[in-house]
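Colleague: Could you take me through the ring contacts and the enclosed spaces of this model, with the criteria behind each term?

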Amino acid sequence: MPATPPRKTYTLDNGLTLFLQEKHDAPVTSFWTWYRVGSRNEIPGITGISHWVEHMQFKGTPSLGKGAIFGEVSRIGGQLNAMTSTDWTAYYETIPASEIDLSLRIESDRMVNSLYDPEEVASERTVILSERQGAENRPTYHLYEELLGTAFQSGPYGHSVIGYESDLRSMTRDDLYNHYQRYYRPDNAFITAVGDFDADELAARIERSFGHIANPETPIPAVVAGPPQFAERRVTIKRPSPAAYMMMGYKMPGAKHADIPAIMMADAILSGAKAMGMGGGAGNGRSSRLYRALVVAGLVRNISSSADPEIDENVWSFSATALPGVEPARIEAAIETELDRLKNELVPEDELAKARKQMRANYVYSLETVTGQAYWLGNMEIVDHAGRVDTFADEFAAVTAEDVQRVARTYLLPEKRTIGWQLPADSSVVFDMAGVEAEPAMDVANFADSESEANHQGFVRTVLPNGIVILAQPRPDDGAIDGTIRIKAGHVATGEKTPGLPSVMATMLTRGTENRTFEQFNEEIDSLAAHFGVNASRGNIDIGWHALSEDLDQVLDIAADVIHNPTFPEDELEKLKPQVLTGIEEQEQDTRTMAGRAMAELLYPEDHPYRVLSGGTRESVSAMTRTDLADYYNRWLAPGVTTVALTGGIRDLDDAVQRLERVLGSWQKDVPAPLSAPAVDPIATTARNTKGIEGKSQADINIAYPTLPRLHPDYNALQVANLILGQLGLMGRLGSEVRDKQGMAYYAYSALRGDRANSVWTAAAGVDPANVDAAITGIETELRRIRTELVTDEELADAKSYMIGSLPLGLESLSGVTDLLLTIEKFKLGLDYIDRYPAIISAITKEDVLRAAATHLDADRLAIGIAGPM
């Protein structure tokens with residue numbers, strides 16, 4: 001494999017800097033335009049303006065009409081987004097490399113030519129307010145906002161990125177346009193691009209597109225730092241909420257400070273290393289100090305911390321969800337004990353080595369896609385300098401135990417912290433602060449067989465003698481490996497009627513085996529810096545991981561132990577139950593969850609497996625015993641209902657087979673054939689089911705219609721119809737009408753979820769409660785139109801181009817390929833499906849789309865679930 005070319009940096013005469021990294025292993029490029037403006041640049045009265053300006057940048061220029069940016073990128077199968085942070089605003093397109101000129105045209109145009117039409121400002125105001133309402137529906141948003149305001153009584157980080165509602169209602173078009181003109185300029189911007197291009201040639205093209213843009217004469221206002229904090233600050237709020245929540249923040253220095261690597265290492269020791277960059281993976285933390293001291297001890301459902309580097313002084317944050325009956329003071333005391341231990345005792349070398357490996361692994365994971373690389377490059381340039389991406393991971397290797405102790409003593413000080421609690425509205429809490437060797441690989445010649453259709457993606461398939469199906473995409477040079485062991489043993493597959501039993505059983509698989517305690521399991525996984533989990537869906541139990549390729553055999557040993565030897569310890573079950581019960585309480589306070597539940601009550605009969613609450617109920621979880629879990633495990637987990645998918649750093653199919661045969665080849669058991677969800681008929685006429693939840697600001701809508709099976713000849717045509725209706729560009733026609741033109745919703749989209757007996761078409765929206773009826777009417781109107789009118793030639797071409805053009809992007813990430821392999825196996829699509837797919841989609845006509853929509857959708861028989869404020 002050829003070496004990666006060195007990154008090149010260019011600066012145009014107008015100050016625009018370019019960071020260009022060639023990467024030629026896929027025909028994809030990710031192009032990012034960054035502006036050095038975020039919520040830290042805002043003052044009282046215009047909080048949230050940077051985020052609102054980001055929205056307005058999609059509203060059109062003289063040459064790019066409203067909606068054109070999403071349409072142009074979707075047409076070529078690309079992905080795009082924009083995001084606003086405390087420190088920056090960024091816009092990106094990840095597209096086929098041959099289409100890079102589109103990014104140059106879009107980004108150079110909207111750097112200076114965005115229109116800010118007053119009518120569009122008014123429409124987007126409603127969308128922004130709806131987005132804030134959706135944020136307020138999260139259990140801890142109000143606490144987060146209060147904590148920021150208390151910790152930063154003045155200074156750049158004292159309010160949320162979305163801003164205060166009063167400011168969002170009072171800001172004018174001129175406020176927005178002036179902010180845009182002040183900060184969107186070449187000398188306050190830079191570009192990061194990673195992908196399949198020649199850097200010098202791309203730089204010349206960027207010069208032609210951006211080089212003529214002049215900088216305004218007005219200077220960029222300086223950001224004023226807030227005063228130092230000399231005393232502990234506290235805030236307590238009471239709101240309708242399913243649990244008590246804590247947030248705590250200690251002041252920490254900005255990203256350029258020499259202590260940042262040691263602070264991040266200390267944070268990893270406390271709660272596990274965190275993802276680096278965009279798509280760097282989940283955190284590693286179940287063997288961490290805080291998890292052991294609070295979650296294992298039965299005080300909280302979860303505990304986390306974060307020490308993300310930002311430009312200015314910010315907060316090293318801690319958050320927890322209390323379990324019922326646990327006093328806040330006990331939780332604070334347990335955290336304080338662990339912080340004191342970090343200050344007073346040197347971290348053992350093995351614990352330090354574990355944290356270093358976690359950091360290195362997350363670095364490797366973050367480099368899997370060009371999008372992730374371009375993001376990380378830009379984020380580093382914002383907070384320090386782009387070149388630090390090359391040295392950042394090495395900085396952690398230099399951190400010593402003494403460094404960790406020093407930063408703990410320097411920054412984890414009571415006088416530097418702010419503590420916030422959110423208590424349920426009916427709470428009467430009063431704060432009282434007193435006081436083994438590997439076996440030889442067997443000969444696999446007999447079954448590393450010819451079941452794999454020839455294909456251009458390198459997908460391979462075989463079946464072990466015990467019935468386990470293996471699918472893989474070997475990438476021998478990859479430093480990481482993604483894998484899933486999927487066992488058909490969820491509610492649908494087994495017909496289990498007890499709510500939550502498969503889910504709790506799956507969770508308990510890792511909580512004790514004949515060879516490992518839960519603590520030992522967590523320690524081993526975190527020491528490998530792997531992400532490993534067991535989850536139950538309605539149909540399956542998935543054992544999944546993302547790890548360094550060098551550690552695959554050890555990860556497989558752990559997976560095999562979980563499958564072969566679970567013990568379901570009584571004490572661990574009793575610790576788990578309160579966590580699950582608190583999660584159930586949180587779900588019942590979540591408007592999206594409850595809107596989906598309200599819809600399901602209308603759509604599915606009482607005895608249908610989709611009516612079973614897969615997460616459990618208070619009654620079912622409270623009553624579960626170790627015997628129940630062991631019995632379910634013994635009855636339903638077997639090799640004949642198991643599929644394994646691997647993507648990444650393995651040599652070839654034989655390599656995959658040898659590794660898996662070693663750990664799973666001896667597994668022998670027969671179980672009944674898995675069931676499939678029975679088909680369900682549409683309801684007789686459209687009906688609504690509404691659930692009220694106290695203390696919420698936004699209403700969520702979930703609409704469903706059961707339709708054709710995944711393997712029906714019309715399925716792909718119906719997918720095209722749905723793409724046009726609710727996904728293409730900015731959420732398709734629904735996004736254009738309900739969100740964009742009418743300004744009623746922050747999100748409005750539709751989806752088609754394929755399954756064997758029925759697929760289900762769904763639409764969803766988050767709206768102001770006063771707009772529920774109008775939003776539903778808008779969705780129904782667009783559904784009727786797609787059933788009765790031919791789509792336009794342009795819409796059909798855009799949809800087909802997107803579906804075909806997006807293939808290279810979907811095949812870039814390891815986890816994306818793993819999921820694709822499992823889908824191909826589930827529906828028996830064939831390993832050459834991706835090769836055949838372009839011809840399948842290209843053959844679809846407008847008439848096919850209309851016939852599919854008219855035949856398989858019905859706007860008069862919709863199940864509509866709504867959840868919002870009481």
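Colleague: How many aromatic pairs does a search of the whole structure find?

Modeller: Rings of Phe, Tyr and Trp (its six-membered ring) pair if their centres lie within 6.5 Å, and planes under 30 degrees apart count as stacked, over 60 as edge-to-face and the rest as tilted. This is a predicted model in which local features need pLDDT of at least 70 and side-chain atom pairs count only at pLDDT 80 or more, while totals for chains, interfaces and linings use all residues. Side-chain values use heavy atoms, without hydrogens and water, and residues are numbered from 1 along each chain as its sequence is written. Searched in this way, the whole structure gives 29 aromatic pairs.

Colleague: Which geometry does the aromatic pair of Y35 and Y91 have?

Modeller: Y35 lies in strand β3 (residues 28-35) and Y91 in strand β5 (residues 89-96), so the pair ties together parts that are 56 residues apart in sequence; strands here are DSSP runs (E, at least two residues) and helices are runs of H or I, at least four residues, numbered from the N terminus. With 6.0 Å centre to centre and 80 degrees between the planes, the pair of Y35 and Y91 is edge-to-face.

Colleague: Are Y604 and Y610 buried or exposed?

Modeller: The ring centres of Y604 and Y610 are 5.3 Å apart and the planes are at 85 degrees, so this pair is edge-to-face. Buried means under 20% relative accessible area, exposed over 50%, and partly exposed in between (1.4 Å probe, protein chains only). By that criterion, both Y604 and Y610 are buried.
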